[in-house]
Structure formats: C-alpha cells, structure tokens
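Reader: I'd like to learn how to read the sheet in this one. Can you walk me through it?

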Amino acid sequence: MLFRSRKISDLGGKLFHAPLVEQFVQTVGVFPVGSRVELSTGEIAIVLQQSTVRRLKPKVLVVTGPDKVLLTAPTVRDLLYQPAGEEAIHIARGLPTGSDGRA
C-alpha cells in the first residue's frame with residue numbers, strides 16, 4: 001500500500017488530477033498510527049500522529065538508529081517541521097508488523 005500511495009502522490013499533477021490525489025491520500029491515509037516505518041536516514045520509527053496538513057509527514061517515535069539497534073531513549077520527530085538548512089527526512093518505506101527493517 002505504501003509504495004502505491006507514494007507513487008500516486010508523486011504523480012499528482014502529472015498523471016493524476018492533483019486535488020483528487022490529495023483527497024485520496026487524506027481519505028485513505030498512508031501511514032496509520034502505530035505503523036512501523038523506515039526513515040530516509042535508515043532509522044526505524046513508529047507513527048504516533050497523522051499530520052492533517054500533509055499525510056506523508058506524520059509525527060513519529062524513532063526507536064532505532066540507522067544501524068537498526070534499539071535506542072535507549074527513543075525520540076519524537078515531527079516530519080512536518082524540520083530545521084531549515086538540513087536535508088528533509090521522509091518515510092522511505094512502510095514495514096510489516098514486527099519487522100525490524102533488516103532485509
């Protein structure tokens with residue numbers, strides 16, 4: 001579902017009518033609360049809260065480092081609000097329930 005939703009979102013305004021794509025993403029959602037995801041940094045996180053503005057930018061709890069080792073102190077990261085001048089972190093892929101993100 002994630003791959004397809006991301007593809008559809010990326011094609012909004014190109015192949016698909018952009019407002020319709022946005023409405024689809026808002027209705028269906030992409031990352032339900034509790035979903036495990038891998039961030040573009042390689043870290044594993046759990047979705048805590050949806051963003052009402054951008055569904056692809058939820059608030060997440062980062063539970064592992066890029067090396068997939070559990071953090072002793074998980075951190076909350078809001079993907080919608082990131083420091084200026086840094087490369088934006090995004091969700092690279094959704095993970096199956098119970099997955100630790102390793103191949």
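Predicted model: local features only at pLDDT ≥ 70, side-chain atom pairs only at ≥ 80, totals over all residues.

Reader: How do strands of a sheet pair in general?

Author: Through backbone hydrogen bonds, either parallel or antiparallel. In this model, strand 1 and strand 2 (residues 44–49) are antiparallel and share three bridges. Look at glutamate 38, for example: isoleucine 44 of strand 2 stands opposite.

Reader: And how many bridges join strand 1 to strand 5?

Author: Four, and again the two run antiparallel, with strand 1 covering residues 36–39. You can check two of the partners by eye: leucine 39 has isoleucine 91 in strand 5, while valine 37 has glycine 94 there.

Reader: Now the whole sheet: what is the strand order?

Author: Read it as 4-3-2-1-5, five strands in an open sheet with antiparallel pairing.

Reader: Which strands are at the edges?

Author: Strand 4 (70–78) and strand 5 (91–95), as each pairs on one side only. From one strand to the next, the twist averages 35°.

Terms used: Residues numbered from 1 in each chain as written. Heavy atoms only, no water. Pairing = 2+ DSSP bridges. Axes fitted to C-alpha atoms, helices over the stretch in contact; angles between N-to-C directions.
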